[in-house]
Amino acid sequence: MVDLRHHGDSEVGHGLLDFAVNVRAGTPPRWLAERIAASVADLAAYPDPGPARRAVARRHRRHPDDVLLTAGAAEAFVLLARALAPRRAVVVHPQFTEPEAALRAAGHRVDRVLLTGGFTLDTAAVPEDADLVMVGNPTNPTSVLHPAEALAALARPGRILVVDEAFADCVPGEPDSLSARTDLPGLVVVRSLTKTWGLAGLRIGYLLAEPALVRRLAEAQPLWSVSTPALVAAGACSSPRAVAEAETWAADLTERRTRLADDLTDLGLAVTPGHRASFLLVRTPGAGRLRRALREHGIAVRRGDTFPGLGPDHVRVAVRDAGTNAQILRVLAELL
Ligand SMILES: Cc1ncc(COP(=O)(O)O)c(C=O)c1O
């Protein structure tokens, strides 16, 4: 049994160069940190999610009733697990492990669909009688982006389809995001603001769904779960200016990721193709040994073997700036 509660943050620290956690380096940006800091003046009042809800709704061309602010995407998975009573819950792996962990913690049985080969979505592998399906897009840890039509084909009446779009803003223009879709029955889109904006310690994300489902999930949420500084961050990160900033970053990320993937391939490592997020899934025999050797050289990468569907030959590598990427490439060239 793999440890579903293992995450990249437990692999960093001790002065290690961080290629293990997928939070954008150099964040939060100063303008955002200043907005959050200024909100401290309002801490005596209980949080009011109204303005942030409206800002998020505008950003995704939705109605505010379609939005529920959460303490990170992680809280959204817990709310879904607590509020729903699936007869057959299916999690498409490899993917972020908290959705399955939350379902199990809430007492649900979970069936896994394991994608193989290039980790592209095989909709036929999802059982017809699944009434809860969870899938990531683009997927952590494979970095693979599934086409919007393939995901949409999984939606049907009587089924809740949860698409984790925590890394959707890594993809310029977000062409395969379902965040604006209101025509798909039972669709829940989960988004995170902690990665691109460097707010992992603040805890802020949200979900988008039809209003009746939003109300049901809100009933499962602790009162005032999302703090005033987190709500201010959600509003700020949803502004047209912030979305444009993320878009510029995503274009730059695409170049850096392509370059890093090419360089890793030149070193003889197998990089999962179709990568579109801020990290790469790498396969090489004895990846565990390589990971430990990297640690001895001051570099942390994320182990792959705690993801259902992956094994000891996988590691995940975050994409950093060119100079930092060059450092891992230098060490890898020595080790390989
Ligand atoms: C795919 C994916 N979804 C959701 C999350 C949780 O994000 P948050 O920090 O918003 O809870 C993570 C965090 O690593 C993730 O990788």
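Which helix contributes the largest share of the shell around the ligand? The largest share, four residues, comes from helix α3 (residues 72-83), where helices (H or I, at least four residues) and strands (E, at least two) are DSSP runs numbered from the N terminus. The views below show a predicted model, in which local features need pLDDT of at least 70 and side-chain atom pairs count only at pLDDT 80 or more, while totals for chains, interfaces and linings use all residues. Residues are numbered from 1 along each chain as its sequence is written, and side-chain values use heavy atoms, with hydrogens and water left out.

**View 1. The shell around the ligand.** The ligand is surrounded by 13 residues, and the closest are Ala73, Asp164, Ser192, Lys195 and Arg203; a residue is near a molecule if one of its heavy atoms lies within 4 Å of it. By class, this shell has six nonpolar, four polar and three charged residues (Ala, Val, Leu, Ile, Met, Phe, Trp, Tyr, Cys and Pro count as nonpolar, Asp, Glu, Lys and Arg as charged, and the others, Gly among them, as polar).

View 2. A polar contact is a pair of N or O atoms within 3.5 Å. A polar side-chain atom of Arg203 lies 2.5 Å from an oxygen atom of the ligand, an N or O atom in the side chain of Ser192 is 2.7 Å from a ligand oxygen, and for the side chain of Lys195 the corresponding distance is 3.0 Å. Of the 390 Å² of accessible area that the ligand has on its own, the protein covers 87%, with areas taken from the Shrake-Rupley method and a 1.4 Å probe.

View 3. Five strands form an open sheet of mixed pairing in the order β1-β11-β12-β10-β9, where two strands pair if DSSP finds at least two bridges between them. Because β1 (17-19) and β9 (270-271) stand at the edges with a single partner strand each, one side of each is left without a neighbour in the sheet. β9 pairs with β10 (residues 279-283) in the antiparallel sense over two bridges, and Ala270 stands opposite Arg283 in β10.

View 4. Thr27 and Pro28 are joined by a cis peptide bond with omega about -5 degrees, and Pro28 has its place in the loop between β1 and α1 (30-38). The peptide bond from His93 to Pro94 is cis, with omega near -5 degrees, and Pro94 is found in the loop between β3 (89-93) and α4 (98-105). In the segment before β1 is His14, which has a positive phi of about 50 degrees although it is not a glycine.

Key:
A polar contact is a pair of N or O atoms within 3.5 Å; within protein, one must be able to donate a hydrogen and the other to accept it, and residues adjacent in sequence count only if both atoms are side-chain atoms.
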